[in-house]
Amino acid sequence: MATGGTDNGMATDDPELDMATSGTGSDILMVAAIDFGTTYSGYAYSLKGEYEKDKLNIHANQSWNSGGKSLMSLKTPTCILINKENKEFESFGYEAENAYADIVIENEADNYYFFDRFKMMLYTREDISTNMEIEDVRGNSLPAIDVFAAAIGALTQHMMDHVERQRINLQPNEIKWVLTVPAMWTDKAKEFMRECAEKAKIRKDRLVIALEPEAASIYCQHLPPDKMTGAIEGFSIADDGSKYLVIDIGGGTVDITAHHKVGKDDLQELCSASGGACGGTTVDREFLNLFENIVQVRAMETLARESTASYLDLLREFETVKRTVITSKRPKINFTIPFTDLNALCERFLEKTFENAVKDSEYSGQISLVGDKMRMDRDLMKSLFDTACTNIVQEIRNVLQRVPTTTLKTFLLVGGFSECSIIQDAIKQAFPDVQILIPREDPGLAVVKGAVLFGHKPDFITSRITRCKYGRRIRPIFDESKHDPDKRVGGDGGDRCRDVFEEFMGKDRKVQIDEVVKVEYHTVMNPQSSVSVAIYYTYEDHADYVDDKGCKKLGEFSVPIPDPTEERRYVDVEFKFGGTYLEVTATERKTGERIQYNYSLVN
């Protein structure tokens with residue numbers, strides 16, 4: 001499947017810029033970040049020379065055009081259109097939405113795949129691997145890695161085209177790419193995104209993974225206080241010793257962590273990141289539920305299937321309303337709906353007009369119609385946010401309970417959904433003594449701009465907190481005083497206990513960046529051509545066996561033993577913690593052969 005290449009050089013008419021950006025390819029001259037979101041995606045970049053002069057001189061594409069309504073957007077929808085016959089990429093974002101709407105009208109939908117809001121599968125699924133498949137909106141499947149890689153490739157190509165229009169001369173090996181992922185994702189999900197980026201033609205040695213709440217925190221560290229809503233005189237999160245909660249409220253999830261500013265360019269995590277699926281799409285679901293209660297599910301399914309353009313316009317309209325609705329003013333919230341289509345569907349399925357369907361619904365008196373406008377009581381509109389607000393507040397409480405020996409009195413809100421005043425008010429009411437800070441301009445770009453800064457200086461975060469226990473599967477000599485009799489097996493030198501979980505990294509432990517744990521493995525049979533390495537993890541506080549509740553396999557791979565002999569051979573496996581993802585390297589001790597493994601992609 002074509003994913004969009006980034007192999008073209010670019011020319012400029014500025015001799016000084018040519019000189020600054022030419023070089024041998026060994027130097028990184030630009031950092032470009034891809035914010036691959038649940039609902040919306042975008043990118044940002046800065047040249048090394050610009051960064052050294054002004055760290056906030058970061059460029060982002062601000063001209064995503066939604067088409068029909070000529071709405072200029074800072075990001076584009078995370079959706080992709082793929083030709084079914086040749087599996088080739090067609091379009092991404094608003095272009096894909098509009099193209100698919102036309103395809104539906106022309107009855108050509110069977111010839112295409114249309115994937116929308118598919119990032120959430122990496123949060124909800126446990127069986128993440130390069131072999132898994134993903135279903136599009138019509139239930140047709142493709143390998144997930146192909147879909148994700150095509151989307152990443154589309155974003156990288158769009159950025160390269162954008163940079164070329166700025167007449168900047170850069171070679172692909174002079175660009176460092178940063179891909180953002182939720183901090184609360186599993187190691188498997190993060191590694192899967194790395195693999196997708198490499199499939200999208202991003203070189204492994206030019207790729208960095210950034211954690212979304214961390215990136216936003218780094219960006220806000222560089223913002224002056226007057227660029228933060230809620231800032232008070234004499235305090236800044238950039239002050240040495242400051243402690244605050246980072247709450248990244250995006251389209252699909254809420255990702256939360258706590259940071260401590262220890263010193264200049266020294267930010268440390270106070271507790272492991274956590275969160276839940278209570279982002280903006282939670283409110284979208286409540287909004288669609290409201291319409292389904294009025295016109296029935298089959299009518300809304302038909303609207304999405306047969307009048308896709310109208311369905312997408314309705315969702316876009318609500319996206320604007322949900323971010324900008326003001327809780328303390330207008331008693332009615334007005335927005336445009338596809339009245340003609342909804343009316344036709346009501347007459348088709350309910351044998352009544354849409355207006356009568358509204359009157360006959362549980363919302364009678366709370367919703368009225370004026371032309372193609374729906375007027376909704378403010379309280380009803382606010383109620384659509386109740387589930388999201390409740391869950392977000394609870395997720396915040398969960399994190400605060402895990403922050404040791406400190407009281408956090410500052411919350412930093414970022415992400416596209418953080419702009420919603422209903423969400424802001426719910427947090428303020430739940431935590432009245434807390435200072436709420438929000439970037440004054442475009443909080444939805446805080447992650448991607450912070451990812452650019454992280455790419456320039458990855459050691460801004462100096463320590464992190466582990467989210468789970470890591471261990472391996474072993475077979476020790478059976479001990480009747482502590483081992484399960486059902487796990488007793490025969491073995492060399494006496495009976496052994498199978499499936500024992502041996503921990504080599506604890507949960508909620510502070511680790512420095514690139515902290516290495518070395519675990520020794522050896523052959524058990526003679527001769528033996530490989531050694532199996534199985535990695536397990538658990539979020540539980542205790543695990544005795546690898547099949548205990550909550551204990552899951554992260555991955556398993558085989559380390560080859562060259563020229564096996566009768567002698568015992570050793571393999572040293574190094575687990576590098578403290579980074580944005582777990583790195584695993586195995587070294588066969590006798591030969592010194594060293595291999596890095598994509599542990600999480602092996603079931």
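Student: Let's begin with the sheet; what makes the four strands S27-S24-S30-S31 an open sheet?

Tutor: This is a predicted model, and in it the four strands follow the order S27-S24-S30-S31 with antiparallel pairing. The edges are strand S27 (500–505) and strand S31 (551–560), each of which pairs on one side only. On average, neighbouring strands here are turned by 35° against each other, direction ignored.

Student: How do you know that S30 and S31 pair?

Tutor: Pairing takes at least two bridges, and nine bridges join strand S30 (residues 530–538) to S31, so the two count as paired. They run antiparallel. One place to look is Ala-534, whose bridge partner in S31 is Glu-556.

Student: Which strands pair with S2?

Tutor: Strand S1 (residues 30–35) is joined to S2 by six bridges, running antiparallel, with Ala-33 opposite Ala-44. A hairpin of four residues connects S1 to S2. Strand S6 (residues 76–77) also pairs with S2 in the antiparallel sense, over two bridges; there Ser-41 has Thr-76 as its bridge partner.

Student: What makes two bridges enough for S6 to count as paired with S2?

Tutor: The cut-off is at least two bridges. S2 and S6 have two bridges, so they meet it.

Student: How do you know that Thr-180 is buried?

Tutor: Buried means under 20% relative accessible area, and Thr-180 has 0% relative accessibility, so it counts as buried. Thr-180 is found in strand S12 (residues 175–181). Leaving aside neighbours within four places in sequence, Thr-180 is in contact with Ile-34, Asp-35, Phe-36, Ala-210, Glu-212, Val-447 and Ala-451.

Student: Why is the pair Thr-180 and Asp-35 called a polar contact?

Tutor: A polar contact needs N or O atoms within 3.5 Å, one able to donate a hydrogen and the other to accept it. The side chains of Thr-180 and Asp-35 make theirs at 3.1 Å, so the distance falls within the cut-off.

Student: What makes up the largest nonpolar core?

Tutor: That core has 65 residues, and those with the most contacts inside it are Phe-291, Phe-354, Met-381, Phe-385, Phe-411, Ile-423 and Ile-427. Helix H8 (residues 280–295) supplies the largest share, seven residues. Apart from this core lies another, of 56 residues, among them Tyr-40, Tyr-94, Ala-150 and Trp-177.

Student: Which residues does Phe-411 touch, beyond its neighbours within four places in sequence?

Tutor: Its contacts include Leu-245, Ile-247, Ile-396, Leu-400, Ile-427, Phe-431 and Val-434.

Student: How many residues score at least 70 in pLDDT, and where does pLDDT stay under 50?

Tutor: The chain averages a pLDDT of 89, and 92% of the residues score at least 70. Over residues 2–25, however, pLDDT stays under 50, though the model has 60 contacts beyond four places in sequence for that stretch. Where pLDDT is low, the predicted coordinates should not be read in detail.

Notes
Residues are numbered from 1 along each chain as its sequence is written. This is a predicted model: local features need pLDDT of at least 70, side-chain atom pairs count only at pLDDT 80 or more; totals for chains, interfaces and linings use all residues. Side-chain values use heavy atoms; hydrogens and water are left out. A nonpolar core is a set of buried Ala, Val, Leu, Ile, Met, Phe, Trp, Tyr and Cys residues joined through side-chain atoms within 4.5 Å. Buried means under 20% relative accessible area, exposed over 50%, partly exposed in between (1.4 Å probe, protein chains only). Contact means heavy atoms within 4.5 Å. Axes are lines fitted to C-alpha atoms, for helices over the stretch in contact, and angles run from 0 to 180 degrees between N-to-C directions. pLDDT is the predictor's confidence in each residue, from 0 to 100.
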